[in-house]
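Please open the model in your viewer and keep the selection tool at hand. The tour below goes from one selection to the next and says what is found at each stop.

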Amino acid sequence: MINTRAKGNRIQLKFMEHLKEEGWLVGKVEQTGKFVKEKDLFGLFDLAGINPSRILLAQVTCNRPHTHEDYIKFSKTYPVRKLVIMQGVWYDHKGWKIFTYYNGRKYVRDLRKGKQ
């Protein structure tokens, strides 16, 4: 039996390490608890980060991306040049597929094994 909360935490830590390697200072903003209604920041993001030139809001998921519509809409509503909106999807035994949203558009970086 797989403990989904533990798996989710492992995947988040993996993505945080990936982002740190790319120069981001990253922190977890997701809240957990029995009485917490909205767990993610703005209902969309697990992580927040910063580097010398940009601010990051990121969602982490496993094997299947969340719907892109919400992130595209958020990026249209807040078209700040220095804001990076990202969704990292970990595919078991393969690697990351990273979606970046900017100004209502979606960009994809596929880092999975065999996809490069």
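Begin by selecting Phe15, which, once its neighbours within four places in sequence are set aside, is in contact (heavy atoms within 4.5 Å) with Leu47, Ala58, Val60, Met86, Gly88, Trp96 and Ile98. This is a predicted model, in which local features need pLDDT of at least 70 and side-chain atom pairs count only at pLDDT 80 or more, while totals for chains, interfaces and linings use all residues. Residues are numbered from 1 along each chain as its sequence is written, and side-chain values use heavy atoms, with hydrogens and water left out.

Now move to helix α2 (residues 68–77), whose buried residues are His68, Tyr71, Phe74 and Ser75. These cover an arc of only 130° around the axis, taken from the directions to the C-beta atoms, and therefore lie on the same side of α2. The face turned away from that side carries the exposed residues Glu69, Lys73 and Lys76.

Finally, select Gln59 in strand β3 (residues 55–62), a residue that is buried, with a relative accessible area of 3%. Helices (H or I, at least four residues) and strands (E, at least two) are DSSP runs, numbered from the N terminus.

Key:
Buried < 20%, exposed > 50% of the residue type's maximum accessible area, 1.4 Å probe, protein only.
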